[in-house]
Protein chains: 6
Amino acid sequence: MTDRFEKGLNVRKDVLGAEHVARSMANVSEFNKEIQELVTSWCWGDIWTREGISRRDRSLINLAILTAMNRNHEFKVHVKGALTNGCTPEEIKEVLLQTAVYCGVPAALESFRNASEVLAEWEQETDGSSGRA
Amino acid sequence: MTDRFEKGLNVRKDVLGAEHVARSMANVSEFNKEIQELVTSWCWGDIWTREGISRRDRSLINLAILTAMNRNHEFKVHVKGALTNGCTPEEIKEVLLQTAVYCGVPAALESFRNASEVLAEWEQETDGSSGRA
Amino acid sequence: MTDRFEKGLNVRKDVLGAEHVARSMANVSEFNKEIQELVTSWCWGDIWTREGISRRDRSLINLAILTAMNRNHEFKVHVKGALTNGCTPEEIKEVLLQTAVYCGVPAALESFRNASEVLAEWEQETDGSSGRA
Amino acid sequence: MTDRFEKGLNVRKDVLGAEHVARSMANVSEFNKEIQELVTSWCWGDIWTREGISRRDRSLINLAILTAMNRNHEFKVHVKGALTNGCTPEEIKEVLLQTAVYCGVPAALESFRNASEVLAEWEQETDGSSGRA
Amino acid sequence: MTDRFEKGLNVRKDVLGAEHVARSMANVSEFNKEIQELVTSWCWGDIWTREGISRRDRSLINLAILTAMNRNHEFKVHVKGALTNGCTPEEIKEVLLQTAVYCGVPAALESFRNASEVLAEWEQETDGSSGRA
Amino acid sequence: MTDRFEKGLNVRKDVLGAEHVARSMANVSEFNKEIQELVTSWCWGDIWTREGISRRDRSLINLAILTAMNRNHEFKVHVKGALTNGCTPEEIKEVLLQTAVYCGVPAALESFRNASEVLAEWEQETDGSSGRA
């Protein structure tokens with residue numbers, strides 16, 4: 001598993017931030033160590049390392065999936081990841097508007113609320129210079 | 001509603017094909033006439049006419065959403081729409097591989113089966129010259 | 001269980017038709033006999049026998065739930081039940097239009113297709129004299 | 001969009017309260033302004049203005065849908081809307097009991113907890129004179 | 001309903017703890033009294049009293065279902081129930097790892113977080129002597 | 001990936017039958033070859049090879065998950081897998097009865113119908129000598 005794990009860990013750090021990943025690793029326990037390894041290998045080592053579509057594309061797709069699946073914690077993690085991958089707030093808005101018709105309005109409203117929170121934090125951290133220049 | 005409806009109808013024909021839309025319209029009854037109008041105005045008039053992300057982006061995002069939502073009939077309609085919008089089979093594959101980790105493997109397998117069917121029909125109709133040249 | 005079961009069986013026959021229930025009972029096997037009993041006692045004996053909202057209300061609510069839950073087989077059974085309970089095609093249409101914004105357009109479209117099929121059969125059986133007179 | 005928007009805004013104020021809507025409007029930002037407009041036009045302008053079923057019916061149906069879809073924030077907003085539309089706590093209870101068999105017991109329990117909170121607030125605000133007189 | 005209710009109440013106390021059940025009963029109001037009765041009769045009286053698979057099996061199955069259904073409050077209640085029924089943290093871990101491939105990684109991560117919280121409380125209460133001896 | 005893939009392929013053949021796996025492999029195309037590899041590595045190589053709970057446990061858990069997730073094609077594949085892993089029809093029945101209260105009655109009814117079909121085929125193939133002796 002090591003090679004995929006190593007590659008995956010690097011992409012995971014790139015997208016979610018070294019700090020976020022360090023925090024996840026610091027919380028590793030007897031109980032959750034395998035899931036941490038598998039997530040890194042599967043999501044990041046097997047999927048996010050693939051070419052064919054860009055990281056920006058993968059981020060937008062993930063925001064749509066996580067809205068549809070009603071997984072708000074992970075959604076917020078990936079809004080930050082999307083901004084790191086250079087998605088602009090305008091692009092994120094477009095994805096969420098699209099979820100309104102395909103997932104239903106309550107799903108979209110929930111993601112708009114969650115994304116707004118992450119955007120506010122991001123703008124504070126980066127002095128408003130968010131997204132692609 | 002007319003202006004949004006007209007614009008929406010044009011995009012809907014572009015993406016899903018004039019024949020598909022003509023067939024939907026021919027099936028309009030007292031019972032389903034409003035939903036046909038609303039779908040055209042909302043999805044196509046209000047969302048697909050927007051700029052900010054491309055039609056190719058919207059197609060990939062829809063394939064992800066429809067896999068997550070388990071809506072296979074509509075998924076197949078949008079695989080064809082994605083090919084019309086210039087998405088390549090390789091890009092469609094990448095989206096579906098990503099759903100495997102985020103929506104679960106059974107969801108991805110179902111969409112791979114459905115997409116394979118549509119791709120086979122598409123290749124017959126177009127003599128294999130599918131997607132972006 | 002007998003009393004609730006008996007009462008439930010009567011309501012079930014009223015709403016879904018004696019023939020439908022007889023067919024379900026004829027298909028009872030060693031494997032599914034308990035679920036048939038529990039469905040009759042829970043759904044029909046414990047819930048549908050209750051007052052507080054009418055059978056017409058319960059039918060409309062069920063069509064909304066089954067659309068949201070993506071359970072199409074059961075949805076079609078309950079479209080027929082709704083018509084038996086005196087819901088008009090117009091009322092069924094209103095419920096499904098409402099699901100379009102709250103469950104997403106693909107969910108609504110699927111239920112419109114399924115309801116149209118049941119309505120066509122119903123109109124044949126009843127010579128078009130469907131719903132409340 | 002203006003006419004549908006205006007009509008929708010009026011119904012939205014009727015059902016959710018002028019204060020709630022004012023608060024939503026005060027939170028409008030560059031990021032969420034379109035979704036606020038679309039929600040008002042689609043949900044309220046296109047659907048809630050329709051006749052065919054009553055506002056009381058639409059409220060009960062929404063509580064069922066939002067329980068099935070697991071959208072608790074929006075569920076609570078619509079419990080208050082239901083009370084405003086004259087639904088009694090007894091009618092709300094009946095809808096939620098019905099979700100227990102059709103959506104599963106955990107879904108119903110979650111909605112009973114959320115509805116209880118809203119009912120307690122409502123009774124305080126109205127001195128217990130809730131629902132239809 | 002009395003016999004099933006009584007039997008169900010006993011199993012419910014066994015699995016979820018007499019204190020938890022007493023707390024639920026103390027919160028019984030005019031609004032939620034029927035759902036409390038039905039939950040006890042259906043879940044505990046009709047299902048958990050059945051033989052054919054063990055309580056340990058039913059606990060593991062419930063953790064899988066509640067992860068798939070995204071019902072986190074009830075999930076946490078049943079993690080504690082699983083420990084009471086003698087499931088070990090290792091067995092709970094295995095179920096959740098399995099949900100990662102079948103329900104998607106975000107679902108599994110959410111349940112790992114929730115289970116970790118319950119396990120930490122459980123270990124404090126029992127001085128670390130959790131699960132089957 | 002080879003080692004995990006090889007081990008996974010062996011378990012996959014054990015559980016789903018060499019014929020089923022051969023058929024899947026014969027259908028491998030340019031489009032779906034990666035998903036076939038990843039499914040084998042993730043589900044079968046990383047999860048089903050683990051100890052901690054038995055294959056019989058994993059089968060019962062999967063039937064619960066696939067009922068909750070509404071993935072009927074995969075559900076039927078895993079009913080056969082469950083029988084191969086020695087689960088009896090009685091144990092499968094117990095899992096599905098449990099889904100009735102936790103996933104809702106329509107989900108359980110759908111899985112009872114699907115499981116009945118697979119059981120009928122299985123009994124024909126094995127002359128009724130299904131499950132654990």
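**Entry 1: chain D against chain F**

I looked up where chain D meets chain F, and found six residues of chain D in contact with six residues of chain F. Contact here means heavy atoms within 4.5 Å. The model is predicted, so local features need pLDDT of at least 70 and side-chain atom pairs count only at pLDDT 80 or more, while totals for chains, interfaces and linings use all residues. Residues are numbered from 1 along each chain as its sequence is written, chains are lettered from A and ligands numbered from 1 in the order in which they are written, and side-chain values use heavy atoms, with hydrogens and water left out.

Next I looked up the area. The size of an interface is often given as the accessible area lost when the parts come together. Chain D and chain F bury about 400 Å² between them. Of that, 62% is on carbon and sulfur atoms. Buried area is the accessible area (1.4 Å probe) that two parts lose on being put together, summed over both.

Which residues of chain D lose the most area to chain F? They are V101(D), Y102(D) and P106(D), together 62% of what that side buries.

I then checked the pairs. There are zero salt bridges between chain D and chain F. A salt bridge is a side-chain nitrogen of Lys or Arg within 4 Å of a carboxyl oxygen of Asp or Glu. Two residue pairs are in polar contact across this interface, both at pLDDT 80 or more. A polar contact is a pair of N or O atoms within 3.5 Å; within protein, one must be able to donate a hydrogen and the other to accept it, and residues adjacent in sequence count only if both atoms are side-chain atoms.

Helix 6 (89-103) and helix 7 (105-126) of chain D each supply at least two residues of the side that touches chain F. Helices (H or I, at least four residues) are DSSP runs, numbered from the N terminus. Helix 6 of chain D gives the largest share of that side, three residues.

**Entry 2: the two domains of chain A**

I moved to chain A. Its domain assignment gives domain 1 (1-50) and domain 2 (53-133). Such bounds come from an automatic or database domain assignment. The C-alpha centres of the two domains of chain A lie 21 Å apart. Nine residues of domain 1 and ten residues of domain 2 take part in the contact.

The two domains of chain A bury about 820 Å² between them, 58% of it on carbon and sulfur atoms. In domain 1, V15(A), L16(A) and W48(A) lose the most area to domain 2, together 60% of what that side buries.

How many salt bridges did I find between the domains of chain A? The count is one. D14(A) forms a salt bridge with R55(A), with the closest N and O atoms 3.1 Å apart. Helix 1 (2-16) and helix 3 (33-48) of chain A each supply at least two residues of the domain 1 side. Helix 1 of chain A gives the most, with four residues.

**Entry 3: salt bridges overall**

I searched the whole structure and got 84 salt bridges over all chains. I picked one in chain B: the side chains of D46(B) and R4(B) meet at 2.7 Å, N to O. D46(B) lies in helix 3 (residues 33-48) of chain B and R4(B) in helix 1 (residues 2-16) of chain B, so the pair ties together parts that are 42 residues apart in sequence.
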